[in-house]
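Me: Could you walk me through part of this structure? I'd like to go strand by strand and then look at one residue elsewhere.
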Amino acid sequence: MAIPTKRVLIYRLGSLGDTLIALPALHLVARAFPAAERRLLTNTPVNAKAPPAIAILENSNLIHGYFRYAVGTRSPRELLALWWKLRQWQPEVLVYMGSTRGVESARRDAKFFRLCGIPRLIGVPLTEDMQQNRWQELEQALEPEASRLTRNLAELGSVDLEDPTNWDLHLTDAEHGKATEVLSPTADHPTIAVSVGTKVQSKDWGRDNWRALLHRLAPLYPNHALALCGAAEESESSEFVANGWREKSSSPVVNLCGLLTPRESAAVFAHAPVFIGHDSGPMHLAAAVQTPCVAIFAARNKPRVWFPHGKQHRVLYHQTDCWGCGLETCIIERKKCLTSITVDEVVNQVRAILG
């Protein structure tokens, strides 16, 4: 009889969007090791707007604890401290959900985890195929990142990305209750959810565009209310764009920026018939709760890899000649991939969902 695994370490860096895109892989690990204590090795957030993984995964029962470190640290003391923590905890399995940083980087990571005394490593991308998002002939597009992650963990089983249970955050009654409470001013109206924030300049469509969009949408949906979500730092810009709605509608507007946890925001999005936002963490939260998204994407990343998963979503992505640049700040090209997306285009996609 096989001895059940007691401790599983999961390696996944990033913040809100990176954690959410890994939900199917996290569900797979939970099914493969149901009796094990599962802890996440992740990074300390590098941006004030970037919630840590614990803010998304707490109460989900997908993860039971955390180890954190500063990404890119060269400090021998910090690396030694991390090594000692992991040695002391004695994980029996490592499940690797790292990003595509190259085969050599993956080999260095594998060596470190071996030095930590972990006997079984799963999913370490030691080949170019494991590193890259495959081209999918049927869709004529690149493989989504969620698919690449679960493909690399195939020895644990298969995952149906179309099954909503594989994206389930296991929101609590208290989180749903908070959403009902903050949406009480809009209770008599279907509520359009909007998030205008992003922590990356090259993804920012611009608050004038957002204000013009809401100015256009308000008379089209006079019975709808508006809910704006995001970080506290985005409250002022959200208020500015909401005035575009108020100019054309007397329906309620609630600005929830900074008032909710990420999981409570997800519960709010679950009430909405549509979510409109950038390529951002809130967009991935809305997609996780199966709310149709109208997502405005810069072309800094390759198409489809980071799109919200599901046929119910509408993505606006202009593949300009500089696509795939990976820039966080775009000065020379003036964000032409993003700013070329018109208000009319976004309105049309919203209407495709709401009618």
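This is a predicted model: local features need pLDDT of at least 70, side-chain atom pairs count only at pLDDT 80 or more; totals for chains, interfaces and linings use all residues.

Me: Let's start with β12, residues 293-297. How many of its five residues are buried?
Reply: Five of the five are buried, so strand β12 is largely enclosed by the rest of the structure.

Me: And which way do the side chains point from β12?
Reply: Cys-293, Ala-295 and Phe-297 point one way, while Val-294 and Ile-296 point the other way, and all of them are buried. In a regular strand, side chains alternate between the two faces of the sheet.

Me: OK, what about β11, how many bridges join that strand to β12?
Reply: Four bridges join β11 (residues 275-278) to β12, and the two strands run parallel; within β12, Cys-293 is the bridge partner of Phe-275. Between the two strands the chain passes through helix α12 (residues 281-288), and this β-α-β crossover is right-handed.

Me: Then which residue in β13 is the bridge partner of Val-294?
Reply: That partner is Arg-314, and β12 and β13 (residues 314-317), which also run parallel, are joined by four bridges.

Me: Switching topic, where is Asn-348?
Reply: Asn-348 lies in helix α14, which covers residues 343-354. In space, the C-alpha of Asn-348 is 10.0 Å from that of Arg-314, and the two residues are 34 apart in sequence.

Me: Why does Asn-348 count as partly exposed?
Reply: Because its relative accessible area is 49%, and partly exposed covers the range between the buried cut-off, under 20%, and the exposed one, over 50%.

Methods:
Residues are numbered from 1 along each chain as its sequence is written. Side-chain values use heavy atoms; hydrogens and water are left out. Buried means under 20% relative accessible area, exposed over 50%, partly exposed in between (1.4 Å probe, protein chains only). Two strands pair if DSSP finds at least two bridges between them. A crossover is right-handed if, with the strands pointing away from the viewer, the path from the first strand over the helix to the second runs clockwise.
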